[in-house]
Amino acid sequence: MMNHKKWIKGTIVLGAGLLLAACGNDQGEQTDTGTDADTAEETTLRIGASNVPHAEILEFVAPKLEEEGITLEIERYNDYVIPNVALDEGDIDANYFQHVPFFEEAVIENDYDFVNAGGIHIEPIAAYSKRHDRLDDLQEGAKILVSSNAPDYGRVLAILEDADLITIADGVDLTTATFDDIEENPLDLQIEYEYDPALMPTLLENDEGDVVFINSNFAVDHELNPLEDSIAIEDTSSPYANIIAVRAEDEENPAISRLIEELRSEETQDFILETWEGAVVPVAE
């Protein structure tokens, strides 16, 4: 039986597991996909990324890589579908926006020939409310708003269970859990989960529910501080590391390898910690 509370309460550690990679060989003069180190000296990588924190992290490492002849062209997306479509179609060489469970589900559902090139950071998901100061304050029938991003359901369930608001059936794997796995819901919480992830900050602003769960990238993009503004936050050693994804053919591209190395450097890790003060946490190799 999985100990969900231990899972949610674990300490976020600097550990492995995200993604980053890709340099397509169908980009003409823009991308050189040779196999020796010299080919990485004059390379352009087009990378699709969420605005915050992904694109900002890429912008931080871009000048250092440019000195070595690797130019990053960052395509910004405020969407969880298009970056993988763009990667599959060769419009970009890599993307940096998704965590591991989301990536794995997308690969299976769409038969993508992608690989996880490396983990970069973790973004704890958090609960926000304009009506309550704590999850303990919720009353019977409270409305809980969650995005339609199914791989995040287990994260929400774990936070609710940690607050003693629900119990989850024995043996359920939280990385694949759904709200049908709730065994007990004594307050008859009304959980709605059909919303676009990017819409969640707007739902909070409009006070559409008692609690709104928001991913940290969308939260900080709307000037919310997950550590200060949330009423509950995921604080775990979790499997939800954000990665850089690439097409399988580019898995060992030297420019991609150098990009990941720089994203995992101590300098970049310090930048992440200082910029987001724990709302975004770097992972190590």
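Start by selecting strand β6 (residues 143-147) together with β10: two bridges join them, and the pair runs parallel. Strands here are DSSP E runs of at least two residues, helices are H or I runs of at least four, and both are numbered from the N terminus. Two strands pair if DSSP finds at least two bridges between them. Before you go on: this is a predicted model, where local features need pLDDT of at least 70, side-chain atom pairs count only at pLDDT 80 or more, and totals for chains, interfaces and linings use all residues. Numbering starts from 1 along each chain as its sequence is written, and side-chain values use heavy atoms, with hydrogens and water left out.

Now pick Leu145, whose bridge partner in β10 is Val212.

Is β10 (residues 211-214) covered on one face or both? Both: Val211 and Phe213 are buried on one side, Val212 and Ile214 on the other. Buried means under 20% relative accessible area, exposed over 50%, and partly exposed in between (1.4 Å probe, protein chains only). In a regular strand the side chains alternate between the two faces of the sheet.

Next stop, the cavities. On a 1 Å grid over the protein atoms alone, a cavity is a set of points where a 1.4 Å probe fits but cannot get out, and lining residues have an atom within 4 Å of a point. Points are joined across faces, edges and corners, and a volume is the space filled by probe spheres set on them. A search of the whole structure turns up two cavities of 30 Å³ or more.

Select Tyr80, Phe97, His99, Asn215 and Asn242: of the 14 residues lining the largest cavity, these lie nearest its centre. That cavity holds about 120 Å³, and strand β3 (residues 94-99) gives the most to its lining, with three residues.

For the second largest cavity, about 40 Å³, select Ser50, Asn51, Val52, Tyr77, Asn78, Asn217, Phe218 and Asp221, which line it. Helices α2 and α7 (216-221) each give two or more residues to this lining, with the largest share, three, coming from α7.

Finish at helix α9 (residues 254-263), where eight of the 10 residues are buried. Among them are Ile256, Arg258 and Glu262. What covers the buried residues includes β1 (43-50), β12 (241-247) and α10 (266-276). At the helix start, a side-chain oxygen of Asn253 reaches to within 2.8 Å of the backbone nitrogen of Ala255.

Methods
Contact = heavy atoms within 4.5 Å. Polar contact = N/O pair within 3.5 Å; in protein donor to acceptor, adjacent residues only side chain to side chain. 1 Å grid on protein atoms, 1.4 Å probe; cavity = no way out; pocket = protein on both sides within 12 Å on 5 of 7 lines; lining within 4 Å.
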